[in-house]
Amino acid sequence: MIMPDSSHMNEHRSTASHAGGAATLAADGQGMAEAARLLAAGWLVALPTETVYGLAADATNPVAVARIYAAKGRPAFNPLIAHVPDTDSARRQGLFNAPALALARAFWPGPLTLVVPMSPDCTVCDLARAGLSTVGLRVPDHAATRAVIERLGRPVAAPSANRSGHVSPTSAAHVLADLGQGIDAVLDAGPCSIGVESTIIACLGGSPRLLRPGGITRAAAEAVIGRKLVDAGEAGAAPIAPGQLQSHYAPDAALRLDADAPVAGEAWLGFGPDPLLPADGPRANLSARGDLVEAAANLFDCLRRLDASGARRIAVARIPAHGLGEAILDRLGRAAAPR
Ligand code: TXA
Ligand code: MG
């Protein structure tokens, strides 16, 4: 078993300027080199991606991966996505059938995770795969993070860098608010451009299955594979993995979806032109011009801001179900689910 190297630990602890909490690293050459060095030594570094910030560890090191679960307070049966710098690296870890390869070619680097059978040479540890014989792989569309992973020379396991079940982080400040005391560093590259997690598609023979809607729309994926995606929950589709928990992405406040307007005491989360609102009260708008791409990018930040206002309940405007609306509604539905 690989242990974090204690000489690195002392060096890290004594040179870091962050009394006990996470160091913030700039997304420049020096920061990226430091991020790779910490990961190689078995430490946790939050890395930016185009979707959300990920809490990264060396995916080949089970001790480092165990620290992810501890930092997040995550149920340890939930498998993690292994992030790699390019499709060739992904194909060393997993076995790609024709639809998997077509999807990789069309959407990588980008907000797509492919669940495929692990290859005989797969180096992603058992713990990161939650003991499954499949592996979730993604090439993120973020140059700084790809450079860190390339420099490390190993896949990086990274769930979203939030407390388990809480709203996902789309900025370094979100990461520090949730996990600042439990991790070693965050590479700060500003806000995430897409703002909802990757679309997850399982390609395990038979029809590819949509495990989670996300940054690549269903329609775009179906156009590439030339057939309909089967929904994970549909009859005949056996569950592949736990972890699609019903209550998830949850702010502390309760959510009321499909609202026309807030009632007394509610915060308001709008989409498109706002209805007549009371003069005061916490409010945010996902996209005043009704743009789903902008709304996805703003979703988690808006939820965090309304939560921070102390409101007990957030009323959320109606959101169309097409395009990225499917992923936004999935996240809002889980955030609103009974806990
Ligand atoms: O955009 C994203 O996907 C972000 C960034 C950081 O890449 N990551 C992310 O990770 O959202 P996480 O851990 O919050 O969600 C990963 C999901 C989990 O629901 C997990 O069950 C599923 O991916 N997953 C990973 N490997 C799997 C596998 N082998 N089989 C089935 N599901 C898998
Ligand atoms: Mg997550």
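Analyst: Helices here are DSSP runs of H or I with at least four residues, and strands are E runs of at least two, both numbered from the N terminus. This is a predicted model, where local features need pLDDT of at least 70 and side-chain atom pairs pLDDT 80 or more, while totals for chains, interfaces and linings use all residues. Residues count from 1 along each chain as written, chains are lettered from A and ligands numbered from 1 in written order, and side-chain values use heavy atoms, without hydrogens or water.

User: Okay, which helix holds Arg-331, and is Arg-331 buried or exposed?

Analyst: Arg-331 sits in helix H10, residues 325-336. With a relative accessible area of 1%, Arg-331 is buried (under 20%; exposed is over 50%, partly exposed in between, using a 1.4 Å probe and protein chains only).

User: What does Arg-331 touch?

Analyst: Touching means heavy atoms within 4.5 Å. Leaving out residues up to four places away in sequence, the partners of Arg-331 include Glu-197, Arg-212, His-248, Tyr-249 and Phe-300.

User: How do helices H2 and H6 pack?

Analyst: Two packed helices are described by the angle and the distance between their axes. For H2 (residues 29-40) and H6 (residues 143-152), that's about 45 degrees and 9 Å. So H2 is oblique to H6 (under 35 degrees is roughly parallel, over 145 roughly antiparallel, 65 to 115 roughly perpendicular, the rest oblique). Among the residues making the contact are Met-32 and Leu-39 of H2, plus Val-148 and Arg-151 of H6.

User: Which residues of H5 are buried?

Analyst: In H5 (residues 98-107), they're Pro-99, Ala-100, Leu-101, Leu-103, Ala-104 and Phe-107. These buried residues pack against helices H4 (87-93) and H8 (218-225), and strands S5 (112-117) and S9 (199-202).

Conventions: Axes are lines fitted to C-alpha atoms, for helices over the stretch in contact, and angles run from 0 to 180 degrees between N-to-C directions.
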